[in-house]
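Please look over the two chains below before reading on.

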Amino acid sequence: MKTIRLSIIGFGAVGQGVARTILSKKEILHKQGIDLRVIGISDSKGSEINVDGIDLKSALARKKQKGTIAKGNEGALDIIRDVEHEIVVEATPTNIKDGEPGLSNMLGAFDSGKHVITSNKGPLALYFSQLKESAEDNGVIFRYEATVGGAVPIFNLIHESLAGNRVMGIEGILNGTTNYILTRMAEERLTYELALKEAQELGIAETDPTYDVEGIDSACKLVILANSVFGQAATYRDVEVTGITKITPEALELASKNNYVVKLICEAGNGTLTVAPRLVPKKHPLAVGGTLNVASILTDLAGRITISGKGAGSIETASSILSDILYIVRNS
Amino acid sequence: MIVSMTLELKDIPGQLVLALAPISELHGNIMSVVHQHEEKTPRGTIPVQIRFEIDQGVLDELIKRLENSGVGVARVGEERLRSSVSVILIGHIIHSDIGDTIDKIDSTGFAEVVDLSLSMPAIERTSSAYLVINAVGERELKKSLEILREVAAKKELLMIEPIRLNSEVV
C-alpha cells in the first residue's frame, strides 16, 4: 500500500468536494494499492490537523454544522510548511488582484518540497511562469487541471493524449454562467437582466456577476491555457475582453434565423488572446448549450479535437483534482 | 477574379481545346465547363459555359486570343463578390447613422453589405442588426471587417463576429 498524505487548503465547495470524493473512492483506491490520507484541512477561520489522517466524514459534518472546519488556530501556511505530507491541494477562492492567499500557499508549498494541485485561477492567471519555475527549482509537480473547464480534462488531453502534436489554436467556451445566460436568452427570448436573475436564483451566477459576465473569468482561464500550452508568459491583462452584458434577445433571434447561436468564445492562437461574443453556426461542435464548457483544439497531426463537459460543480471539479492526485501518485 | 463566360464554338472537332487553351496559357484556373452539344444556337454554333479564376489584368488579352482563334465570346460575366461573412451589431444603430456605416463598407470598392435585418424593440432600448458582407476575396473580407470594427468602436456599437472557422490558417 502506497500512502500519500495531503492537505486541503480552502474548504469551500471545491475543498469539500475533494474530501467527499476521497471518501467515496476510498475502497477502489485501496484495491489499487493507494491510501490517500488527509492530514490537514484549513479554511478562513482555522484548521484541523491530524497526522494519522482526518476523519473526513466528521470534518464535513462539522463544516456543515458550524460553517467552519476550525479546531485549532494554525493557518494554511502552518500546515503547508510544518506538517509532513506530500501534496497540497490549494482550493482557496480566486483573487485576480494579487492572487492571494493562493499565491503564498503555493509558493510556500514548493519551498517546503511539496507537490501542488490547484483549482485556484488567480495565482496562475497572474504569475504562471514564476509558479512553474518555483515548482521546477524545487523538483516538485504542479498540476492545475481544475482551473480550466471544471471536469473537462483539457490539460491532460493536450499534454498527455496529444503529446507530440503542435497546438496551433484553441477555441472554446470556458465559462458556464455566461453560456447558461446566453442559452436561456436565446431559448426564451429573455432580456439579459432577466436571464441573469434566473441564473442567480439557481445559484449558477454569483450575487456580483461581474467576473463572469464581463468575461474576466474566461480571460483568466484562457491565459492559463495559453501559458501552459504555448509556453507564453501572458497575464489576464494581455487578453482583449468583451463581455455579454450588451447582448439583446433580438440579436440572438436574428442570429438564430440565420442558423447561428451567440457564445462567449475564448480564442488563443497566432499570439493573440481574445474573449468575445461570437457567432457560432448551430451545428458547429462549439455550439453547446446550458452550463456546458467546450474546448476545440487545433493540432498539426490530429487535426481538430473537441471536448465538452461540465465546467463547474463541487464533485465535477473534484474529479479533475483527483485525477491530478493520481497522476502525482503514479509519477513521484 | 472569377469569370463566367459563354463561348460559341463551331461544330467541328477540336474546338473545345481551342477555347480552353488560352485560359491555361494565361494562368487561369478553370472551375467548370458545360458543353451543350445538342443545343445549337440559331447561328449553328455550340454554346459552352465556362467558369474560371483569372487575373483581372489579362482578361482583355484572353478575349482577344479567343476571338483570333475563331471562338465567339457571347457573354462575359464577372463574379466579383465571392467571400461572405455575417456579423451582428448591437447599439444605437439608427441614431449612429446606419447609412454611413454601410457606406464605409460599400465605398471600399471591394466589399458590399448585401443583406441587413434590423430589430428595434422599443425607442429607449438598443437595436440589433444582422449584416452580410460580401467581398472579392478573403483578404478583402478581412479588411472590410477591420473597417467595420473601427466604425463600430467609434459609434459604440457591439460587433459580434463569427468564430474563426478557418483557424486552420491562423
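Predicted model: local features only at pLDDT ≥ 70, side-chain atom pairs only at ≥ 80, totals over all residues.

**Helix α6(A) against helix α11(A)**

- The crossing that α6(A) makes with α11(A) is left-handed.
- On the side of α6(A), the residues that take part are A:K121, A:L124, A:A125, A:F128 and A:S129, and they meet A:C220, A:K221, A:V223, A:I224 and A:N227 on the side of α11(A).
- Sorted by class, the residues in this contact of α6(A) with α11(A) are six nonpolar, two polar and two charged.

**Helix α5(A) against helix α6(A)**

- Helix α6(A) also packs with helix α5, residues 102–111 of chain A, at an angle of about 10° and with the two axes 10 Å apart.
- That angle makes α5(A) roughly parallel to α6(A), because angles under 35 degrees count as such.
- From α5(A) the contact draws on A:G102, A:L103, A:M106, A:L107 and A:F110, while α6(A) contributes A:G122, A:P123, A:Y127, A:L131, A:S134 and A:A135.
- Eight nonpolar and three polar residues make up this contact of α5(A) with α6(A), and no charged residue belongs to it.

**Helix α8(A) against helix α9(A)**

- Helix α8, which runs over residues 176–188 of chain A, packs with helix α9, residues 192–201 of chain A, at an angle of about 125° and with their axes 9 Å apart.
- The pair α8(A) and α9(A) is therefore oblique, and the crossing of these two helices is right-handed.
- The residues that bring them together are A:T177, A:Y180, A:I181, A:R184 and A:M185 of α8(A), together with A:Y192, A:A195, A:L196, A:E198 and A:A199 of α9(A).
- In this contact of α8(A) with α9(A), seven residues are nonpolar, one is polar and two are charged.

**Chain A as a whole**

- Chain A holds 13 helices and twelve strands.
- The radius of gyration of chain A is 20 Å, close to the 20 Å that the globule rule gives for 332 residues, so chain A is as compact as a globular protein of that length.
- Taken along the principal axes, the C-alpha atoms of chain A fill a box of roughly 60 × 45 × 40 Å.
- Of the 332 residues in chain A, 51% are buried.

**Chain B as a whole**

- Chain B has four helices and eight strands, and along the sequence these follow the pattern β-α-β-β-α-β-β-α-β-β-α-β.
- The radius of gyration of chain B is 22 Å, whereas a compact globule of 170 residues would have one near 15 Å.
- The C-alpha trace of chain B spans about 70 × 35 × 25 Å along its principal axes.
- Buried residues account for 24% of the 170 residues in chain B.
- Of the contacts in chain B with a separation of 6 or more, 68% are between residues 24 or more positions apart.

**Where chain A touches chain B**

- The contact between the chains takes 24 residues from chain A and 18 residues from chain B.
- On the side of chain A that touches chain B, the elements that give two or more residues are β7 (167–173), α12 (249–257), β9 (260–269) and β10 (272–281).
- The residues on that side of chain A divide into 13 nonpolar, five polar and six charged.

**Residue A:V262**

- A:V262 has its place in strand β9 of chain A.
- With 24 other C-beta atoms within 10 Å, A:V262 counts as buried, because the cut-off for a buried residue is 20 or more.
- Apart from neighbours within four places in sequence, A:V262 is in contact with A:L182, A:I247, A:A251, A:L252, A:A255, A:P277, A:L279 and B:I160.
- The C-alpha atoms of A:V262 and A:Y127 are separated by 32 Å, and these two residues are 135 residues apart along the chain.

Technical notes: Residues numbered from 1 in each chain as written. Chains lettered and ligands numbered in written order. Left-handed = near helix turned anticlockwise from the far one by under 90°. Contact = placed C-beta atoms within 7 Å. Nonpolar A, V, L, I, M, F, W, Y, C, P; charged D, E, K, R; others polar. Rg over C-alpha atoms; globule rule 2.2 N^0.38 Å. Buried ≥ 20, exposed ≤ 12 C-beta atoms within 10 Å, placed from the backbone. Axes fitted to C-alpha atoms, helices over the stretch in contact; angles between N-to-C directions. Parallel < 35°, antiparallel > 145°, perpendicular 65-115°, else oblique.
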